[in-house]
Amino acid sequence: AVWQRKFTASKQGLEQIAYWKGALAGCTQTLALPYDRPRQPFLTYSGDISEQRVSVDLIESLKKMANRHNATLFDIMLTGFSALLHRLTGQDDFCLGVGVAARTRIEMERVVGMLVNTIALRIQVGNNETSVQLLDHHRMLKAAAYANQDAPFDKVVAALNPVRVPNLHPVFQVMYSFHDAPLREVKVDGLCIDQPENISGGSAKFDLNIIVRLQQTGSERGAATVVWEYNTDLFDPSTIFLLQQRYERVLKSLASDL
């Protein structure tokens, strides 16, 4: 905490905040998603989760495409999700929240705890842009963002100083995260422990919070689970199911087009 405060006030920290201020300036703050109900006059956090399975075959196809274009599976799946948001909203300039590990210094490797920071990627989709062009845009965008990932998100919001609306998260309302680290097996003498991967806490941090988890063990090893955490004051389960179907179609299209 002391290090982060010192970093934020340092020349490098101020340069990173200045980068985000320039990168996000003028970006549309709201996404016109297919909500089932209008927003209440204040932020609500009632939520639930819905799981989507992405088959081993599709994940393997996406990995091959990633290798072919010198990209990662995360790059490919994020590109597909951005394309889905573009199709759903008709917007070609919007922000998407992404979680980063925030362990950029060797001293942090053995620190216990969740050090995740949030960054906002400004997604811009050009007219008649191909899948390859969109992927290249995401790769360059991610590289620049990761180079400036130590700036605390609250400091970035303060620097942007957006018009605050009581019923809207500033900068973005949709977050996308990717986890490929395996869950460690816990062994305790005399106990059989099962670790359920996804449990709903009955809340939602954003309108949509998408978490991709690669299956590292078990019968579905190599597949992926996409957890859709959604605000139940805005979305019905049936709408989330339709969004999942559309996302899968986009991923299949990427696998065949790239």
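Guide: Cys27 counts as buried, because its relative accessibility is 11%; buried means under 20% relative accessible area, exposed over 50% and partly exposed in between, with a 1.4 Å probe and protein chains only. The model is a predicted one, in which local features need pLDDT of at least 70 and side-chain atom pairs count only at pLDDT 80 or more, while totals for chains, interfaces and linings use all residues. Residues are numbered from 1 along each chain as its sequence is written, and side-chain values use heavy atoms, with hydrogens and water left out.

The closest cysteine sulfur to that of Cys27 belongs to Cys95, and the distance of 3.1 Å is too far for a bond, since a disulfide is a pair of cysteine sulfur atoms within 2.5 Å. Cys95 is accordingly in no disulfide either, and the count by this rule is zero. Cys95 is also buried, at 4% relative accessibility.

From Cys95 the account passes to Phe172. Among the residues in contact with Phe172, beyond its neighbours within four places in sequence, are Cys95, Leu96, Gly97 and Phe206; contact means heavy atoms within 4.5 Å. Phe172 is located in the loop that runs between α6 (153-160) and β4 (174-179), where helices (H or I, at least four residues) and strands (E, at least two) are DSSP runs numbered from the N terminus. With a relative accessible area of 2%, Phe172 is buried. Its C-alpha atom is 8.8 Å from that of Thr28, although 144 residues separate Phe172 and Thr28 along the chain.
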